[in-house]
Amino acid sequence: MTTTPKVVYQSASCLIGTLGSFVLVLWRAHMDVEGARQQEQALIRHAKGRSGVALLPYVPVGVGAPSSEVRAILNATMNKLSPPLVGVAVTTEGAGFHAAMVRSVALAISNLARTKAPSRSFGHVAEAAVWLRERMGPQAQDEPTVDEIVQAMDQLRRLSR
């Protein structure tokens, strides 16, 4: 399988790509309403004809929390796509206070929203990819490997510069 993600949306707030049954979202700045809507549309389009789809949003250190309107859209998307959405793995790499705070906020938003799709926060893309592949069950054998997912996210980050 190729490690080159297919870019399906790009703006000042985010870059969205797909790889296998994965939708990878690289936040560039504060996620705006249009970016959240595009993420939803990408997930809906990508879920068609698939038994499951996984979402891996990558939030770089320094990117602020989304507005309440954006959070509402993101949470509604998770509920709308359940059960095809097997999981959401919000990832912020880094060991500092800000990275830990971003992961905590993402987890709190998910828990408070009581979304149907399982959601977790991770400190590394590889950890997020392992968890999402586990959530896919037997379907994962036909999906990108953990290394391929990490490489695809690296490519999105390079495109974002």
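Predicted model: local features only at pLDDT ≥ 70, side-chain atom pairs only at ≥ 80, totals over all residues.
**Overall make-up**

The protein contains five helices and six strands. Along the sequence these elements follow the order β-β-β-α-β-α-β-α-β-α-α. The protein has 161 residues, and 52% of them count as buried. The accessible surface is about 7,500 Å², with 53% of that area belonging to carbon and sulfur atoms. Among contacts in the protein with a separation of 6 or more, 69% are between residues 24 or more positions apart.

**Helix pairs**

Two packed helices are described by the angle between their axes and the distance between the axes. The table gives these values for two pairs.

| Helix pair | Residues | Axes come within | Crossing angle |
|---|---|---|---|
| Helix 1 and helix 2 | 33–47 (helix 1), 68–80 (helix 2) | 9 Å | roughly 10 degrees |
| Helix 4 and helix 5 | 125–136 (helix 4), 146–160 (helix 5) | 9 Å | roughly 130 degrees |

The axes of helix 1 and helix 2 cross at roughly 10 degrees. Angles under 35 degrees count as roughly parallel, so helix 1 and helix 2 are roughly parallel to each other. On the helix 1 side the contact is made by Val33, Ala36, Arg37, Gln39, Glu40, Leu43 and Ile44. Helix 2 contributes Glu69, Val70, Ile73, Leu74, Thr77 and Lys80. Sorted by class, the contact of helix 1 with helix 2 has seven nonpolar, two polar and four charged residues.

For helix 4 and helix 5, the axes cross at roughly 130 degrees, and that angle makes helix 4 oblique to helix 5. The crossing of helix 4 past helix 5 is right-handed. Val125, Ala126, Ala129, Val130 and Arg133 make the contact from helix 4, and Val146, Ile149, Val150 and Met153 make it from helix 5. By class, this contact of helix 4 with helix 5 has eight nonpolar residues, no polar residues and one charged residue.

The following residues lie in helices 1, 2 and 5.

His46 is part of helix 1. Its relative accessibility is 11%, so His46 counts as buried, the cut-off being under 20%. With neighbours within four places in sequence left aside, His46 is in contact with Thr18, Gly20, Ser21, Phe22, Val23 and Val53.

Asn75 is located in helix 2. Asn75 has a relative accessibility of 15% and therefore counts as buried. The C-alpha atoms of Asn75 and Ala36 are 9.9 Å apart, and the two residues are 39 residues apart in sequence.

Ala152 belongs to helix 5. Ala152 is buried because its relative accessible area is 0%. Residues up to four places away in sequence not counted, Ala152 touches Thr3, Pro5, Leu19 and Leu24.

Conventions. Residues numbered from 1 in each chain as written. Heavy atoms only, no water. Axes fitted to C-alpha atoms, helices over the stretch in contact; angles between N-to-C directions. Helix = DSSP H or I, 4+ residues; strand = E, 2+ residues; numbered from the N terminus. Parallel < 35°, antiparallel > 145°, perpendicular 65-115°, else oblique. Left-handed = near helix turned anticlockwise from the far one by under 90°. Contact = heavy atoms within 4.5 Å. Nonpolar A, V, L, I, M, F, W, Y, C, P; charged D, E, K, R; others polar. Buried < 20%, exposed > 50% of the residue type's maximum accessible area, 1.4 Å probe, protein only. Areas by Shrake-Rupley, 256 points an atom, 1.4 Å probe, with all protein chains shown as cover.
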